[in-house]
Amino acid sequence: MDLLTTAIAVREKAYAPYSKFHVGAAIRSASGKIYAGCNVENVAYPEGTCAEAGAIAAMIADGETEISEILVVARGPVKVSPCGGCRQKISEFAQASTIVFMADMSGDIEETTIADLLPAGFDKDHLDVG
Ligand code: THU
């Protein structure tokens, strides 16, 4: 799977000296192009950014705004799952049915949707205050 290969490769570039938890993410956009991102930590811990945020930024910088599917990979006892903030970030550029793949380093992949990961999320309708 292209997304897995891309995410595993970009994970090698992760800057995670504090958590030592290296994460890679890959997005396939509506056009079929693939965008990669890794986590980038900071000595001021809350300033770090997640792998998903990096991949989304790369997609937006390239002029695309629709995530068809996204894969996240890390090493760990259970498959990495996008954090709450990343679920909201993915949701901004996804449909309810957009697939989220969660992978481990052996290439084992679990599949879900952004709607399942972020039920009752805050969305554009909530801003419509008239
Ligand atoms: N992290 C991600 O990059 N994506 C996730 O979905 C979960 C967490 C990063 C943030 C931090 O650099 C490290 O993993 C440990 O939380």
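Predicted model: local features only at pLDDT ≥ 70, side-chain atom pairs only at ≥ 80, totals over all residues.
Start with Tyr-18, in the loop between α1 (2-11) and β1 (23-29). Its relative accessibility is 37%, so Tyr-18 counts as partly exposed.

Next, select the ligand. Residues around the ligand include Ser-19, Phe-21, Asn-39, Glu-41 and Pro-82. The shell splits into six nonpolar, three polar and two charged residues. Zoom in on the ligand's oxygen atoms: a polar side-chain atom of Glu-52 sits 2.6 Å from one, and a polar backbone atom of Ala-51 is 2.9 Å from one. A backbone N or O atom of Cys-83 also lies 3.3 Å from a ligand oxygen. The protein covers 77% of the 370 Å² of accessible area that the ligand has on its own.

On to the salt bridges; there are seven in the structure. Pick Asp-62 and Lys-33, whose side chains meet at 2.7 Å, N to O. Asp-62 is in the loop between α2 (51-61) and β3 (67-74) and Lys-33 in the loop between β1 and β2 (34-38), so this pair ties together parts 29 residues apart in sequence.

Last stop: Lys-124 and Glu-92, a salt bridge with the closest N and O atoms 4.0 Å apart. Lys-124 is in the segment after α4 (114-117) and Glu-92 in helix α3, 32 residues apart. Lys-124 is exposed at 57% relative accessibility, while Glu-92, at 45%, is partly exposed.

How values were computed. Residues numbered from 1 in each chain as written. Heavy atoms only, no water. Near = heavy atom within 4 Å. Polar contact = N/O pair within 3.5 Å; in protein donor to acceptor, adjacent residues only side chain to side chain. Areas by Shrake-Rupley, 256 points an atom, 1.4 Å probe, with all protein chains shown as cover. Nonpolar A, V, L, I, M, F, W, Y, C, P; charged D, E, K, R; others polar. Helix = DSSP H or I, 4+ residues; strand = E, 2+ residues; numbered from the N terminus. Buried < 20%, exposed > 50% of the residue type's maximum accessible area, 1.4 Å probe, protein only.
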